[in-house]
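Please open the model in a viewer and keep the selection panel at hand.

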Amino acid sequence: MKKLIVMVLCALLAASLFAGAGMAGEADAGRTLNIAWTGDIETYDAHMTTQDYCIPINVFDRLFEIVIDESGSAQLVNSLVTDYTVSEDGMTFDFTLRDDVKFSDGNQLTADDVAYTFTRLVAVEGSQQEYLFETVAGYEDYTGTGNFHDAYIPGITVTDDTHFTIQLTTPYAGFLNILGSPACCIFEKSVVEAAGDAFGQDPAFCIGSGAYTLDSWTRDLGATLGSNEYYWGEKPDFASVNIQIIPDSDTLSMMFQMDQVDILDCTNMDSAVVAAVYKTAYAEKIVAAPRLGTSYMALNQATNEALADPTVRKAIAMSIDRQTIIDQLLNGDGQVVDGIYPEGLVGYTEENQGWLTYDPEGAVKLLEEAGYTKDDNGYYFSFVIDNDENNSSTRQAVIMAISDMLQKNGINATVNNNDHSSWLDKRKAGEIDSYVSTWTADYNDPDNFIATFWGSESRASGRSLGYTNTEIMDRVSSAPTIIDEAERLAEYAALEKKIIEEDVSWIPLYQETHLFVLSNNVSDFIPHWAGYSDYAFAGVKAAN
Amino acid sequence: MKQVLKRLIGAIPVLIGVVLLIFLMLRVIPGNPVLTLLGEHYSDAAIERLTLSMGLDKPILVQFFNYVIGLFQGDLGTSYKYSRAVSEMIMDAFPYTLKLACMGVVFAWVVGLTSGIIAAIRQNRLLDRMFMGFALMGVSMPVFMTSLFLQYIFAFQLKWFPLTSTGSFISMILPAIALGWNSAGSIARMTRSSLIEVMQADYIDTAKAKGLFKAAVIMKHALKNSLLPVITMMALQLASMLSGAVITETVFAIPGIGRLATTAIGNRDMPVLQGTILFTTVIVILGNLLADLLYSALDPRIRKGN
């Protein structure tokens with residue numbers, strides 16, 4: 001019996017050694033970067049997603065890229081364009097494309113590809129990005145029509161292979177930043193036409209001009225990226241990237257510690273694990289990137305009588321100890337924000353910071369002065385915070401902490417759990433009293449934040465805010481048309497002050513710091529300018 | 001053969017009922033697939049367009065009728081999210097689940113039966129207590145804990161196995177044990193109690209009195225009779241394992257049927273959900289049929305009754 005056990009153990013050990021040898025060999029031979037995501041890759045079609053940018057960022061290029069400069073500000077830099085001019089009225093943009101860019105199938109990039117891509121962005125059925133081009137001439141006639149095969153949207157004119165013009169119907173200062181967003185990847189016209197409905201799903205049609213090619217992709221398992229031999233930019237350190245889908249964060253953590261993953265994204269890790277393991281044993285290997293996003297608590301003025309009162313909303317804001325939440329639940333990885341725009345975004349101003357302080361006694365005083373009295377259960381009023389069960393464990397802990405803080409201050413805020421789809425359904429129907437979420441920049445402009453929530457009554461309702469000040473919403477929707485940049489930013493600052501400080505339409509909570517941990521195979525890493533989990537693998541530097 | 005045909009015909013109303021029930025239930029639960037698909041930026045016009053193109057504007061009865069016609073043509077529909085044929089997606093995922101379930105079942109059956117028999121033979125002795133302790137652990141521990149425990153000890157600490165599964169034999173061993181341990185525990189406990197009961201029967205005493213060896217008494221007389229209830233349980237366990245082991249697949253990152261279904265729930269991808277549920281229903285019906293066939297193969301009284 002003993003012999004048998006020893007033999008079995010030896011066999012298992014031998015097998016594991018062979019398996020280990022295989023894995024080590026693979027890493028050494030090809031300078032492969034090993035990455036793992038907790039969620040599946042759902043598409044490579046940047047028009048059909050607002051969050052799944054892993055493949056688009058790495059396989060396709062954009063006209064512009066956004067980089068963080070030494071001061072921490074996001075700057076727009078040329079990518080596929082060499083030059084551009086903007087007319088005095090801010091409505092006509094003339095672009096010159098690089099003439100040395102080829103797609104990974106060897107075909108030259110031309111202005112036709114750009115015009116086709118942007119027409120498709122507006123016209124393709126199910127596009128999630130069409131709103132980005134709502135100021136482009138012809139938008140109304142093309143949106144969602146499926147009509148992108150035969151003619152380009154009238155606002156885009158191709159002059160020759162390297163020159164094209166975009167005509168807007170109103171001035172929009174943030175338009176160039178939109179062209180640098182992941183949604184504005186440039187596709188090859190002939191490939192997209194040949195792919196038909198398979199574009200976005202079939203790796204064979206994933207042809208871009210970026211640093212990498214999509215070599216293989218299996219649902220729920222992962223993808224492999226290889227080098228684009230025609231890439232016009234600097235060759236990346238890693239010739240290939242192996243992306244694995246690892247839904248369980250504990251498994252992911254163990255894989256990183258076994259050197260099977262090169263960059264660990266801490267977003268989905270339990271914050272206690274990050275504090276106990278990674279901030280101690282791996283402290284020197286942590287890269288911190290500020291997330292260009294604001295975490296907020298939405299308060300719906302339409303569903304709950306008490307929440308319709310601005311005094312109540314301010315009292316709720318004063319009852320939440322945001323710094324303690326950051327210190328205790330986010331391990332200090334974040335900073336309090338008092339407005340709509342996060343630090344680093346165009347339009348952020350210190351002038352709108354510092355007005356909101358934690359003052360539970362002051363909150364009670366406000367409520368009592370406004371005539372609120374406690375009921376038999378000891379509460380001034382009640383409302384529900386709806387939690388999306390897709391939220392990270394840290395976010396869910398934040399919601400519980402807020403509920404607890406409010407209850408201790410006589411505000412009965414109870415938490416109701418929903419699966420993601422139900423939560424989204426209720427939120428878009430304007431039926432949620434309150435929820436906690438984060439808005440991260442799609443492009444570097446205050447319009448992306450303020451117009452998304454307060455651009456119209458339907459948008460405010462779709463965010464379950466129930467905000468009804470039409471005068472303010474009109475100002476929000478016309479702010480992008482202000483040509484003078486200083487004047488435009490002053491207007492955005494004034495709107496922020498009105499909506500948040502005076503109306504308390506949402507409670508600004510914090511701006512998180514996004515942590516990544518690097519393995520010994522990686523020496524340096526440039527996170528995405530907005531702090532996304534998706535980033536350009538070409539910016540990852542290999543350790544010697 | 002007649003019995004098989006009879007059972008298969010009997011399964012048709014069950015399948016029709018399941019199809020109708022799933023279809024209606026998925027349309028009653030909250031969560032609009034169009035809003036889920038459109039993400040964060042959408043307009044009323046976009047909602048209308050997508051609703052039309054997905055056929056969700058039609059009355060539920062028409063949608064159901066179209067779905068059933070598609071089923072008769074072997075078409076499970078097209079995924080809302082991935083624009084791929086559902087049957088194709090299920091066929092991509094099923095080999096992983098099949099491999100996992102088969103290995104899990106082999107582990108459960110071999111370990112469960114062996115430990116149950118040894119425990120019965122060595123009743124109330126050390127081996128009995130050891131095997132029943134093992135069985136109790138399997139039955140009591142939640143699958144996620146078993147999975148993480150095995151993964152931590154044998155993959156992370158000892159490095160004997162890979163942490164996640166790629167579908168290779170060695171990478172499927174830990175997931176199979178995690179999946180099969182619970183079933184092994186149940187089989188072991190049932191085999192033990194059933195065998196102990198049979199061993200006390202008069203015909204066993206007769207066999208012993210005839211001078212047969214103990215092994216022959218157990219293998220030839222006791223085991224065959226004690227296994228009848230165990231066989232039923234074993235066949236049903238095979239069906240349940242094939243229908244998708246969500247937690248095991250999640251912990252070991254296996255892209256099987258369970259993960260396909262859970263992702264579809266989150267996306268409100270109704271065609272994929274309907275397809276996976278229908279597929280697993282067929283598996284469970286076939287599992288039940290297998291149990292019946294095994295039962296009749298082992299018990300002459302049932303064969304004669306037929």
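Over all chains, the count comes to 22 salt bridges, a salt bridge being a side-chain nitrogen of Lys or Arg within 4 Å of a carboxyl oxygen of Asp or Glu. This is a predicted model, in which local features need pLDDT of at least 70 and side-chain atom pairs count only at pLDDT 80 or more, whereas totals for chains, interfaces and linings use all residues. Residues are numbered from 1 along each chain as its sequence is written, chains are lettered from A and ligands numbered from 1 in the order in which they are written, and side-chain values use heavy atoms, with hydrogens and water left out.

Select R84(B) and E88(B) to begin. Their side chains form a salt bridge with an N to O distance of 3.0 Å. E88(B) is partly exposed, at a relative accessible area of 41% (buried means under 20%, exposed over 50%, partly exposed in between, with a 1.4 Å probe and protein chains only).

Proceed to the interface of chain A and chain B, where the rule finds four salt bridges. Select R49(B) and E130(A), whose closest N and O atoms are 3.3 Å apart in a salt bridge. This pair joins two chains, because R49(B) lies in helix α3 (residues 44–53) of chain B and E130(A) in the loop between α3 (111–123) and α4 (139–142) of chain A. Helices (H or I, at least four residues) and strands (E, at least two) are DSSP runs, numbered from the N terminus. R49(B) is partly exposed, with a relative accessible area of 22%, while E130(A) is buried at 7%.

Next, select R259(B) and D220(A), which meet in a salt bridge (3.5 Å, N to O). R259(B) belongs to helix α12 (residues 257–267) of chain B and D220(A) to the loop between β8 (212–218) and β9 (222–227) of chain A, so this pair also joins two chains. R259(B) is buried, with a relative accessible area of 4%, and D220(A) is buried, with 2%.

Then select D419(A) and R268(B), a salt bridge whose closest N and O atoms are 2.9 Å apart.

Finally, display both sides of the interface. Here 44 residues of chain A are in contact with 45 residues of chain B, contact meaning heavy atoms within 4.5 Å. The two chains bury about 3900 Å² between them, 58% of it on carbon and sulfur atoms; buried area is the accessible area (1.4 Å probe) that two parts lose on being put together, summed over both. R219(A), M254(A) and K428(A) supply 16% of the area that chain A buries against chain B, more than any other three residues.
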